[in-house]
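Please read the following note with the sequence and the structure open beside it. The points go from one feature to the next, and each can be checked by eye.

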Amino acid sequence: MLPSAEVPFLSSGWEALDRLLGGGWPAGVLTEVVGRGRTSLALAAVRQAQSAGQPVAWVDGPGTFCPPTASVDLAHLALVRPPRTAGAATGARAATRCWLAGDLLLRSRAFGLLVLDLPPCRPSLAVCFRLARQAAAARTVLLLLSEAESGVAGSAAGVAVLVRQQHHDWSRRTLPPPPALELTLRRYRGGASGACVVL
């Protein structure tokens, strides 16, 4: 369920996306962001939260968070990296550690924004609903990142966004410009879905 009017939104960093979302990323709602370009959206959200003085946490399930290129205030970012080892069974254990870390951070009620970057393992729907309940209780903006374009949170997500990259034509004599991000709003409780915006 989307938050009521008194619950704040966190600006995404793009006016067009904020309009699409009805004000920005909603607090107290599990928002799932999938596809290529999801990390760029999450890092922009971190910058917005830090500019607003909100504490931020990032759970790096895949182990791909790169501090030198993140362009965020690392001194004011709680970065959690659950241990990872090879193998399917140990991969599932690492994923469980990732979800438990997210749950504990939400229970702390200490963060305005939590980015939960999931490893390839798929969480159960019960885990997603538990995270959604904790986000609602904490009134935290919860961004759940997944590489699976089909999504993993199902009906537990109040908002679901698919991100695709659009690459531009460019001359081989210059560096290519950064790709544009095409966002499709797949799920939005209380509002229209299926709308698109290009950033």
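**Notes on a predicted model**

1. The lining of the largest pocket, sorted by class, consists of nine nonpolar, five polar and three charged residues. The lining comes to 17 residues in total. Those nearest the centre of the pocket are Arg 38, Thr 39, Thr 64, Phe 65 and Asp 117.

2. Which helices supply at least two residues each to this lining? They are α2, spanning 38-51, and α3, spanning 67-70. The biggest share comes from α2, which gives four residues. The space in the largest pocket is about 280 Å³. As background, rolling a probe the size of a water molecule over the atoms shows where empty space is left.

3. Next, the chain as a whole. The protein chain has five helices and ten strands. Of its 199 residues, 48% are buried. Among contacts with a separation of 6 or more, 65% join residues 24 or more positions apart.

4. Is Leu 21 buried or exposed? Leu 21 counts as buried because its relative accessible area is 0%, and the cut-off for buried is under 20%. Leaving out residues up to four places away in sequence, Leu 21 touches Phe 9, Val 159, Leu 185 and Tyr 188. Leu 21 and Leu 185 are 164 residues apart in sequence, but their C-alpha atoms are 8.3 Å apart in space.

5. Thr 140 also sits in a loop, the one between α5 (125-138) and β7 (141-146). With a relative accessible area of 1%, Thr 140 is buried.

6. Two residues deserve a check of their backbone angles. Most residues other than glycine have a negative phi. Ser 71 is not a glycine, yet its phi is positive, at about 55°. Ser 71 lies in the loop between α3 and β5 (77-80). Ser 71 is exposed because its relative accessible area is 54%, and exposed means over 50%.

7. Arg 109 is in the loop between α4 (88-107) and β6 (113-117). Its relative accessibility is 42%, so Arg 109 counts as partly exposed.

8. Last, the cysteines. How many disulfides are there? The count is zero, where a disulfide would need a pair of cysteine sulfur atoms within 2.5 Å. Cys 98 is buried, at 0% relative accessibility. Cys 128, at 1%, is buried as well.

How values were computed:
Residues numbered from 1 in each chain as written. Predicted model: local features only at pLDDT ≥ 70, side-chain atom pairs only at ≥ 80, totals over all residues. Heavy atoms only, no water. Buried < 20%, exposed > 50% of the residue type's maximum accessible area, 1.4 Å probe, protein only. Contact = heavy atoms within 4.5 Å. 1 Å grid on protein atoms, 1.4 Å probe; cavity = no way out; pocket = protein on both sides within 12 Å on 5 of 7 lines; lining within 4 Å. Points joined across faces, edges and corners; volume = space filled by probe spheres on them. Nonpolar A, V, L, I, M, F, W, Y, C, P; charged D, E, K, R; others polar.
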